[in-house]
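Hi,

Here is the structure I said I would pass on.

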Protein chains: 2
Amino acid sequence: MENRKIKIAVIGLGTVGTGVAKILLEKSQQISHKTGLQLELAHAVDVDISRPRPVAFPPGVLHNDLQRVLDDKTVQIAVELVGGTTLAGEIQKKLLASGKDVVTANKALLAERGEEIYAAARQAGRCIAFEASCCGGIPVIGAIRTGLAANTISAMYGIVNGTCNYILSEMSLKSKEYATALKEAQQAGFAEADPTLDVNGTDSAHKLAILAELAFGQQIRFGDISIRGIDRICLDDIIYAGEMGYTMKLLAIAECRSFGSETGLSLRVHPAFIHNDAPLAKVSGPFNAISIFGDAVGHTSYYGRGAGMMPTASAVAADIIDVAQGNTGRWFAQAPGFGRPAAAAKLCPPEAIMTKFYLRLSAVDQPGVFAQIAKILGNNNISISGCLQHESDKGDYVPVIITTHLAKQGDMQKALKDLEGLDTMKAKPVCIDVVTPPEDQ
Amino acid sequence: MENRKIKIAVIGLGTVGTGVAKILLEKSQQISHKTGLQLELAHAVDVDISRPRPVAFPPGVLHNDLQRVLDDKTVQIAVELVGGTTLAGEIQKKLLASGKDVVTANKALLAERGEEIYAAARQAGRCIAFEASCCGGIPVIGAIRTGLAANTISAMYGIVNGTCNYILSEMSLKSKEYATALKEAQQAGFAEADPTLDVNGTDSAHKLAILAELAFGQQIRFGDISIRGIDRICLDDIIYAGEMGYTMKLLAIAECRSFGSETGLSLRVHPAFIHNDAPLAKVSGPFNAISIFGDAVGHTSYYGRGAGMMPTASAVAADIIDVAQGNTGRWFAQAPGFGRPAAAAKLCPPEAIMTKFYLRLSAVDQPGVFAQIAKILGNNNISISGCLQHESDKGDYVPVIITTHLAKQGDMQKALKDLEGLDTMKAKPVCIDVVTPPEDQ
């Protein structure tokens with residue numbers, strides 16, 4: 001029976017870092033029993049070492065001197081939980097250069113500067129583990145890397161940002177306005193003081209970049225992802241679409257799509273209406289879920305907490321064990337992408353994507369207006385599938401809700417321009433994708 | 001870059017074996033690109049080598065001589081897909097003794113004769129991989145083994161038999177009688193010609209034994225699992241409980257439970273009513289899902305096809321890769337249970353389990369009967385939570401549906417005996433557990 005001692009440094013003792021320290025200090029015996037690895041927290045490094053933390057560090061472990069970690073050749077694994085894309089990148093490169101494998105939850109860094117970091121790891125002969133970077137405690141990186149290894153993945157549909165999902169759930173289930181739901185999410189600890197990167201879709205896109213590179217084995221440039229957030233969503237649209245049987249989710253989607261005679265990868269993050277019967281519609285509050293479609297396995301789906309101290313620490317700890325056992329290193333040495341030669345993703349142009357749409361038009365309440373609208377849609381090859389207009393005597397214009405059959409994004413963009421040009425439109429039309437995740441039947 | 005050739009033998013070319021051969025023959029280049037492993041199907045062995053199969057075997061690969069596999073020292077991994085608990089066990093032991101790691105989907109063998117097989121593997125210095133034994137293509141074994149490795153698991157609630165779930169879904173959603181749904185499941189290929197082990201709960205219990213040993217790190221004896229199947233379920237009960245907001249599922253449950261001042265493992269397979277809002281209630285048709293609760297990660301859930309040629313072959317192929325990379329071997333060498341010293345599971349006595357209940361009583365339609373029933377329940381510490389009795393003029397007795405608050409199984413068994421003794425009861429009472437999976441809020 002092996003019983004190897006593995007020394008670990010944790011850099012960055014925020015919420016997740018503290019959770020990781022807690023696991024290493026309190027569960028090392030249990031982990032040793034299961035795995036034969038004696039995990040030892042040798043360094044816990046943070047600029048602020050005076051703040052009270054709910055962990056009792058052994059003497060000498062807590063300090064603020066990164067150099068001590070770099071100089072300590074007995075440390076095999078370093079966990080970077082500083083966050084951000086600048087300082088964290090320099091820290092990771094130093095850790096790698098000093099001969100340590102790196103475990104991280106830093107999705108922004110890997111999505112935006114991954115090539116540079118992966119190259120540094122390869123140059124140093126080390127590896128990077130990042131299960132905690134996507135979907136918190138859900139072991140989805142492991143599932144793609146190992147469990148689905150024999151599959152060609154055709155699509156991933158995910159709810160990968162707990163903040164947005166909490167806000168949208170509050171709006172949908174309790175008819176709260178966006179601003180109210182956001183404020184309450186901040187008070188409940190589900191949104192940061194500055195929630196920009198969450199609500200504008202960037203965080204979801206970071207995760208999508210990492211997951212897609214892994215699933216499709218192609219090099220993903222972060223800039224290739226089209227991103228819309230939830231920060232301009234109106235409660236009205238959630239209510240109207242709710243009447244028609246739809247729920248709004250912020251989806252991160254990566255899938256192979258045909259366009260003309262070619263196929264390419266569509267990478268997009270946007271709010272979408274999905275039918276209440278779709279499994280992803282039931283994922284509420286701060287939970288995440290991701291559906292992955294493989295050619296052999298069909299539809300599989302993974303659900304759990306997408307953030308938080310202990311769920312994310314659970315993923316970091318799993319990575320520490322996996323790196324210590326050499327599994328991540330063996331995977332990293334061979335993985336297409338992640339700094340190794342891989343085809344750059346061939347993209348499906350956004351305008352070629354076929355999808356259904358929800359439209360809300362603020363139309364003047366007079367004869368002929370609906371005919372104008374229908375004509376513009378028809379001229380742009382868009383067929384109406386449903387319509388909702390409540391009787392109203394409130395003013396001179398009414399909201400007209402239209403849902404469409406599958407149509408090209410490009411055609412809808414043209415139709416929206418034409419609709420905006422109508423003098424019977426009181427406001428810019430609202431257009432939201434209605435998404436039907438692939439079915440495995 | 002490593003580029004190792006791994007020779008593989010597949011023993012048993014039924015549905016899954018043929019799927020595995022298909023993956024090995026058709027996807028080896030893709031797998032090599034991802035993993036650096038060149039998987040080569042060296043032997044495909046079956047007693048029947050004349051049956052047409054949708055795979056083109058290279059010359060010499062398909063044969064019926066197991067001894068050739070045992071003698072071929074270049075074969076590193078053997079896949080046992082013969083099934084059953086007798087011949088398959090002898091084959092696995094021979095394969096291990098001849099120095100091959102074994103990959104298998106054989107849940108019955110591992111659940112019922114696991115200790116003997118694991119001991120044979122340890123004696124030979126080999127390992128056993130069995131991702132495909134539970135939940136088909138869902139990588140749940142990998143999730144527990146790796147992704148949740150830092151967690152103490154408190155509970156698992158699963159729908160792990162696709163045949164039963166298909167039948168119950170048809171009964172619930174289309175109001176079919178059990179016999180009809182079973183017959184149609186057989187015609188649709190979702191049930192075997194002899195469905196006994198599926199519908200009586202044995203197959204679910206086999207999977208539960210394997211999953212629980214892995215999740216709890218304790219030695220599970222198959223006989224410790226209490227098992228009830230769906231083979232005596234009446235459509236009436238599904239309809240009545242449906243009116244009250246419940247769906248029936250065959251659940252496989254393993255969880256730590258308190259009883260008195262102690263705690264123990266409850267291991268049980270039984271049909272249960274779960275609330276329509278519970279995520280497991282939405283898992284329909286041949287799909288499987290399993291919810292796992294860990295102390296760090298909270299609630300995670302895994303969903304996908306629980307059977308079928310390619311989903312199960314996907315899991316077998318994942319295991320082949322994992323074994324070839326040495327990951328399974330390193331895990332197996334250390335895992336508590338699986339033939340290594342582990343505490344025998346301390347059980348929570350079934351009669352101490354607290355649960356809610358659904359009761360259907362066929363009561364004579366006369367004054368005082370409900371009072372008799374309520375008195376018996378009350379005397380046995382069982383509190384009524386809901387009641388449903390449709391007005392009826394059809395005969396001299398009426399079905400009375402009662403749901404209860406949490407009560408002890410032991411108390412309910414006593415109450416059922418008392419109820420049976422009433423001369424106002426026309427038939428044996430029907431009693432079905434109403435289960436509330438743990439919540440992570």
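Predicted model: local features only at pLDDT ≥ 70, side-chain atom pairs only at ≥ 80, totals over all residues.

**Where the chains meet**

Let's start between chain B and chain A. On the chain B side, 49 residues are in contact, and they touch 49 residues of chain A. Together the two chains bury about 4,300 Å² between them, and carbon and sulfur atoms give 52% of that.

As background, side chains of opposite charge can pair when their charged atoms come close. A pair to look up is Arg305(B) with Asp440(A), whose side chains meet in a salt bridge at 2.9 Å, N to O.

**Salt bridges overall**

Searching the whole structure gives 46 salt bridges over all chains. One of them joins the side chains of Glu40(A) and Lys5(A), at 3.4 Å from N to O. Glu40(A) sits in strand E2 (residues 37-45) of chain A and Lys5(A) in strand E1 (residues 4-11) of chain A, so this pair ties together parts that are 35 residues apart in sequence.

**H14 and H15 in chain A**

Now for the helices. Two packed helices are described by the angle between their axes and the distance between the axes. In chain A, helix H14 (residues 369-379) packs against helix H15 (residues 409-420) at an angle of about 150°, and the axes are 9 Å apart. Angles over 145 degrees count as roughly antiparallel, and that makes H14(A) roughly antiparallel to H15(A). The crossing of H14(A) past H15(A) is right-handed.

Which residues make the contact? From H14(A) they are Ile373(A), Ile376(A) and Leu377(A), and from H15(A) they are Ala415(A), Asp418(A) and Leu419(A). Sorted by class, the contact of H14(A) with H15(A) has five nonpolar residues, no polar ones and one charged.

**H14 and H15 in chain B**

Over in chain B, helix H14 (residues 369-379) and helix H15 (residues 409-420) pack at about 150°, with their axes 9 Å apart. H14(B) and H15(B) are therefore roughly antiparallel to each other, and H14(B) passes H15(B) in a right-handed crossing. Ile373(B), Ile376(B) and Leu377(B) of H14(B) make the contact with Ala415(B), Asp418(B) and Leu419(B) of H15(B). The contact of H14(B) with H15(B) divides into five nonpolar residues, no polar and one charged.

**H7 and H8 in chain B**

The last pair is also in chain B: helix H7 (residues 162-174) and helix H8 (residues 178-187), which pack at about 130° with their axes 9 Å apart. H7(B) and H8(B) are therefore oblique to each other, and their crossing is right-handed. On H7(B) the contact is made by Tyr166(B), Ile167(B), Glu170(B) and Met171(B), and on H8(B) by Tyr178(B), Ala181(B), Leu182(B), Glu184(B) and Ala185(B). By class, the contact of H7(B) with H8(B) has seven nonpolar, no polar and two charged residues.

That's my tour. Over to you!

Note on methods
Residues numbered from 1 in each chain as written. Chains lettered and ligands numbered in written order. Heavy atoms only, no water. Axes fitted to C-alpha atoms, helices over the stretch in contact; angles between N-to-C directions. Helix = DSSP H or I, 4+ residues; strand = E, 2+ residues; numbered from the N terminus. Parallel < 35°, antiparallel > 145°, perpendicular 65-115°, else oblique. Left-handed = near helix turned anticlockwise from the far one by under 90°. Contact = heavy atoms within 4.5 Å. Nonpolar A, V, L, I, M, F, W, Y, C, P; charged D, E, K, R; others polar. Buried area = accessible area lost by both parts, 1.4 Å probe. Salt bridge = Lys/Arg side-chain N within 4 Å of Asp/Glu carboxyl O.
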